Amino acid sequence: MGQKGSSGLFRAVSAFGVVGFVRFLEGYYIVLITKRRKMADIGGHAIYKIEDTNMIYIPNDSVRITHPDEARYLRIFQNVDLSSNFYFSYSYDLSHSLQYNLTVLRMPLEMLKSETTQTRPESFDIFEDEGLITQGGSG
């Protein structure tokens, strides 16, 4: 940790990905994947399990106001074990079912191109593709 490059910048941490950002009372934190393990291959796409994460405060000292409850919120958030059952892939969409992904993968490229350029609505229902009926709508 703390390697200095030729540009004068320091490497704070090496990471395999970003889990996300979280904000408590004093400011934002970035949650990084610092250790991963390859668990499977699906159609040539690697699936990884999160083994360890690191949470780094993104400082902005000019607007930072210390709050006495910040440490308590940090402890509560860090009790969530992101290494227990969290998976990710760089190239495979884990948010859809295998059946849905295989259907999309089997579509000819020409159909995918025409589908995304011609039928893209201004707004969309995220549950429509899964065949779920949303409140007040039809699916």
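User: Which residue forms a salt bridge with Lys-49, and how far apart are the closest N and O atoms?

Analyst: In this predicted model, the partner of Lys-49 is Glu-51, and the closest N and O atoms of the two are 3.9 Å apart. That distance still qualifies, because a salt bridge here needs the nitrogen and the carboxyl oxygen to be within 4 Å.

User: Is Lys-49 buried or exposed?

Analyst: Lys-49 is buried, with a relative accessible area of 10%, whereas Glu-51 counts as partly exposed at 24% relative accessibility.

User: What else does Glu-51 meet in a salt bridge?

Analyst: The side chain of Glu-51 also meets that of Arg-37, at 3.1 Å from N to O. Arg-37 belongs to strand β4 (residues 28–42) and Glu-51 to strand β5 (residues 45–57), so this pair ties together parts that lie 14 residues apart in sequence. Arg-37 itself is partly exposed, its relative accessible area being 42%, and Arg-37, Lys-49 and Glu-51 are linked in a network of salt bridges.

User: How many salt bridges does a search of the whole structure find?

Analyst: The search finds three. Besides the two that involve Glu-51, there is one between Lys-38 and Asp-41, whose closest N and O atoms are 3.3 Å apart. Both of these residues are partly exposed, Asp-41 with a relative accessible area of 47% and Lys-38 at 48% relative accessibility.

User: Switching to the sheet, what is the strand order?

Analyst: Four strands form an open sheet in the order β3-β4-β5-β6, and the pairing is antiparallel. Strands β3 and β6 (87–88) stand at the edges with a single partner strand each, so each of them has one side left without a neighbour in the sheet.

User: How many bridges pair β5 and β6, and which residue of β6 is the bridge partner of Lys-49?

Analyst: Strands β5 and β6 pair over two bridges in the antiparallel sense, and Tyr-87 in β6 is the bridge partner of Lys-49.

User: What is Leu-82 in contact with, leaving aside its neighbours within four places in sequence?

Analyst: With those neighbours set aside, Leu-82 is in contact with Val-19, Val-31, Ile-50 and Thr-53.

User: Which residues make the nonpolar surface patch?

Analyst: Val-18, Phe-21, Tyr-28 and Ile-58 make a nonpolar surface patch of about 410 Å². Val-18 has its place in strand β3 (residues 17–23), and β3 is one of the strands at the edges of the sheet.

Notes. Residues numbered from 1 in each chain as written. Predicted model: local features only at pLDDT ≥ 70, side-chain atom pairs only at ≥ 80, totals over all residues. Heavy atoms only, no water. Buried < 20%, exposed > 50% of the residue type's maximum accessible area, 1.4 Å probe, protein only. Patch = residues over 30% accessible without salt bridge, like charges linked within 9 Å, V, L, I, M, F, W, Y side chains within 5 Å. Areas by Shrake-Rupley, 256 points an atom, 1.4 Å probe, with all protein chains shown as cover. Pairing = 2+ DSSP bridges. Contact = heavy atoms within 4.5 Å.
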